Amino acid sequence: VWRFHTVPEPGEFGNNTWTNGGWKDRSGTNPWSGFTLDAKRGILFCGTGSASSDFYGADRLGSNLFANCTLALDARTGKRIWHFQEVHHDLWDHDNPCPPVLVTISKGGKSIDAVAQLTKTGFLYLFERVSGKPMFEVVEKPAPPSDIPGEVAYPTQPMPVKPKPFSRQNFTLDDVTNISPESRANVLEQLKTLRYGQSHLPPTVEGTAVAPGFHGGANWSGGSFDPTTNILYFNSCNVPYIAKLKRNSGGGYDFMGYTYFTDQFGYPAIKPPWGLLNALDLSSGEYLWQVPNGEYPELKAKGVPPTGSETFGGTIVTAGGLVFIGGCKDEKFHCFDKATGKLLWEFQLPAGAYSNPSTYMVNGKQFVVVASGGGGKMRTKSGDTYIAFAVD
């Protein structure tokens, strides 16, 4: 019926954000996480991915619309209504990993239809649904340049004044892990050969410590919204990585692989918490609570405070006051009090639940079901089970 080019062709809006023909034969910029629809208004929303290649962009200089955007299209015609680019000229694989969440909030005594975009960068952007106007101020802040020949990192990046970020925005000496003296010493030694210390440091040949990592911030988990309280519930990561490039025979640079920045034992090089469950009031832009999500039993046995873990697979919030989530490397299914963040119950699954739970009713009784598939990016054992729980 219609087609919208997320890499604009000549004559289309945004084509001039790809210099020297960088738009041609370009892949990426795909809304890989899916769509949300305002059926009443006929507006289709999506969050788009990075342009290829993810970590080297000398052949795609410019801001690169419509990569890394929240995009609102006319669902009947495919025409662009508005867009907002959360990362200009992405060099970190910080694509938008989940569909925007349609919300209606109370602000200044008014009811406002809005759309909330969670990002790998650790920011939440909240937009008025029809106009795309940010509901909290967004400031373009200076970003550091690249020293890779031919690469031109974008000079600024957009950062909301509110809400505050839900993931670390860089890696500094103050962020070095404190789970043990041995781990701290190991990470400090690694830092002697790495670039670190600023937000949005581009990849380098010696390696750059990047936070948030390539898994976020937020990821495909997205968020669940409680319309009775204006609270958005979502999980997030604080796990850094090392972005390293190597010159290739064609005169460009290749990414050296997805390398977690860890200590000698495989734990994240950054101070815990490594994974959070967040409750964010979208009316005020303030967090109701943030709690570690997940654990490492062996660290708990040593007396290390709750660390949380890298997390995939999101939340569901119920009218009965509960938040359910799996998502963690401990392979447990958790139930939290939505008002306080207190852990009420947990269940050891046969494999990790890196998917979002669903809830349903049968003969007046409520159930919650989750896919216990494991494996994948969390590198835990695989499974093949759906498990349903009764909500008493």
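The paragraphs below go through this predicted model from the whole chain down to single residues. Residues are numbered from 1 along each chain as its sequence is written. Local features need pLDDT of at least 70 and side-chain atom pairs count only at pLDDT 80 or more, while totals for chains, interfaces and linings use all residues; side-chain values use heavy atoms, with hydrogens and water left out.

The protein chain contains two helices and 25 strands. Both kinds of element are DSSP runs numbered from the N terminus: helices are H or I with at least four residues, and strands are E with at least two. The chain has a radius of gyration of 21 Å, close to the 21 Å that the globule rule gives for 392 residues, so it is as compact as a globular protein of that length. Here the radius of gyration is taken over C-alpha atoms, and the globule rule is 2.2 Å times the number of residues to the power 0.38. Along the principal axes, the C-alpha atoms fill a box of roughly 60 × 60 × 40 Å.

Of the 392 residues, 55% count as buried. Buried means under 20% relative accessible area, exposed means over 50%, and partly exposed lies in between (1.4 Å probe, protein chains only). Among contacts (heavy atoms within 4.5 Å) with a separation of 6 or more, 58% come from residues 24 or more positions apart.

The strands can be followed in order, starting with β5. Strand β5 (residues 101-107) and strand β6 (residues 110-118) run antiparallel and are joined by seven bridges; two strands pair if DSSP finds at least two bridges between them. T104 has D113 in β6 as its bridge partner. These two strands form a hairpin with two residues between them, and G108 in the turn has a positive phi of about 60 degrees. Strand β6 also pairs in the antiparallel sense with strand β7 (residues 124-128), over five bridges. Here Q117 has Y125 in β7 as its bridge partner. The hairpin of β6 and β7 has five residues between the strands, and G122 takes a positive phi near 85 degrees.

Further along, strand β17 (residues 275-281) and strand β18 (residues 286-292) pair in the antiparallel sense over six bridges. The bridge partner of L280 is Y287 in β18. Four residues lie between the strands of this hairpin, where G285 takes a positive phi near 80 degrees.

Next come the aromatic rings. Rings of Phe, Tyr and Trp (its six-membered ring) pair if their centres lie within 6.5 Å; planes under 30 degrees apart count as stacked, over 60 as edge-to-face and the rest as tilted. The count comes to 30 aromatic pairs. One of them is the stacked pair of F55 and F255, at 3.6 Å centre to centre with 10 degrees between the planes. This pair links distant parts of the chain, 200 residues apart: F55 is in the loop between β2 (43-47) and β3 (69-74), and F255 is in strand β15 (residues 253-255). F55 is buried, with a relative accessible area of 5%, whereas F255 counts as partly exposed at 23%.

F333 and F389 also form a stacked pair, at 5.3 Å centre to centre and 20 degrees between the planes. F333 lies in strand β21 (residues 332-337) and F389 in strand β25 (residues 382-390), so the pair ties together parts that are 56 residues apart in sequence. F333 is buried at 0% relative accessibility, and F389 is buried at 13%.

Ring pairs also link F45, W82, F84, F123, Y125 and F127 into a cluster.
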